[in-house]
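Trainee: Could you walk me through this one slowly? I would like to know what can be read from it.

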Amino acid sequence: MSMAVFLFVPTIIFMSVVAPIWLLLHYRSKNRAVKGLDEGDKRELESLLMQADKLTDRVQALEKILDVESPDWRSRDNDEYR
C-alpha cells in the first residue's frame, strides 16, 4: 500500500465525518455566546449579586465589632501569616 493511499483514506474520513461535526459544534457555541444570558441566568446572577452584597455587609459589620472589642486584631492576624 502506497503512502498516498495510507494518508488519503483517513483524510477523507476526517473531512466527511469529523470536520462537519466540529464546525457545527463550533458555530453553535459561537451563536450561544453572542446571544448572552437567558432570563433564568440573569435572575440567578442577580440573586448571587444580592447575596454577595449581603455577605459584604456582614463582613464589614463583623470588622466594626472586632475594631471596637479588639483594636489590634488586624495587625495580629497579619503577624500570624508572616
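Mentor: Let us begin with confidence, since this is a predicted model, in which local features need pLDDT of at least 70, side-chain atom pairs count only at pLDDT 80 or more, and totals for chains, interfaces and linings use all residues. Residues are numbered from 1 along each chain as its sequence is written, and side-chain values use heavy atoms, with hydrogens and water left out.

Trainee: What does the protein average in pLDDT?

Mentor: The average is 88, and 91% of the residues score at least 70. Where pLDDT is low, the predicted coordinates should not be read in detail.

Trainee: Where does UniProt place the "transmembrane region"?

Mentor: The unreviewed UniProt entry puts that feature at residues 6–25; UniProt positions are given in the numbering used here, feature names are shortened, and annotations may be inferred rather than shown by experiment. In the model, residues 6–25 are 100% helix and 0% strand, and the end C-alpha atoms of this span lie 28 Å apart.

Trainee: And which residues form the nonpolar patch on the surface?

Mentor: The patch is formed by Val5, Phe8, Val9, Ile12, Ile13, Phe14, Met15, Val17, Val18, Ile21, Trp22 and Leu25, which together have about 1,100 Å² of accessible area. Patches are made of residues with over 30% relative accessible area and no salt bridge, where like charges are joined within 9 Å and nonpolar side chains (Val, Leu, Ile, Met, Phe, Trp, Tyr) within 5 Å. The areas come from the Shrake-Rupley method with a 1.4 Å probe, and for residues only the protein chains shown count as cover. One of the patch residues is valine 9, which is found in helix H1 (residues 3–35).

Trainee: Is valine 9 buried, exposed or in between, and why?

Mentor: Valine 9 counts as partly exposed because its relative accessibility is 41%, given that buried means under 20% relative accessible area, exposed over 50%, and partly exposed in between (1.4 Å probe, protein chains only).

Trainee: How many aromatic pairs are there?

Mentor: The count comes to one aromatic pair. Phenylalanine 14 and tryptophan 22 form this pair, which is edge-to-face, with 6.3 Å centre to centre and 85° between the planes. Rings of Phe, Tyr and Trp (its six-membered ring) pair if their centres lie within 6.5 Å, and planes under 30 degrees apart count as stacked, over 60 as edge-to-face and the rest as tilted. Phenylalanine 14 is partly exposed at 35% relative accessible area, whereas tryptophan 22 counts as exposed at 57%.

Trainee: New topic: how many salt bridges does the structure hold?

Mentor: The structure holds two salt bridges, a salt bridge being a side-chain nitrogen of Lys or Arg within 4 Å of a carboxyl oxygen of Asp or Glu. Arginine 74 forms one with glutamate 63, the closest N and O atoms being 3.7 Å apart. That pair links distant parts of the chain, with arginine 74 in helix H3 and glutamate 63 in helix H2, eleven residues apart.

Trainee: What about tryptophan 73, buried or exposed?

Mentor: Tryptophan 73, found in helix H3, counts as buried because its relative accessibility is 17%.

Definitions and conventions: Helices (H or I, at least four residues) and strands (E, at least two) are DSSP runs, numbered from the N terminus. pLDDT is the predictor's confidence in each residue, from 0 to 100.
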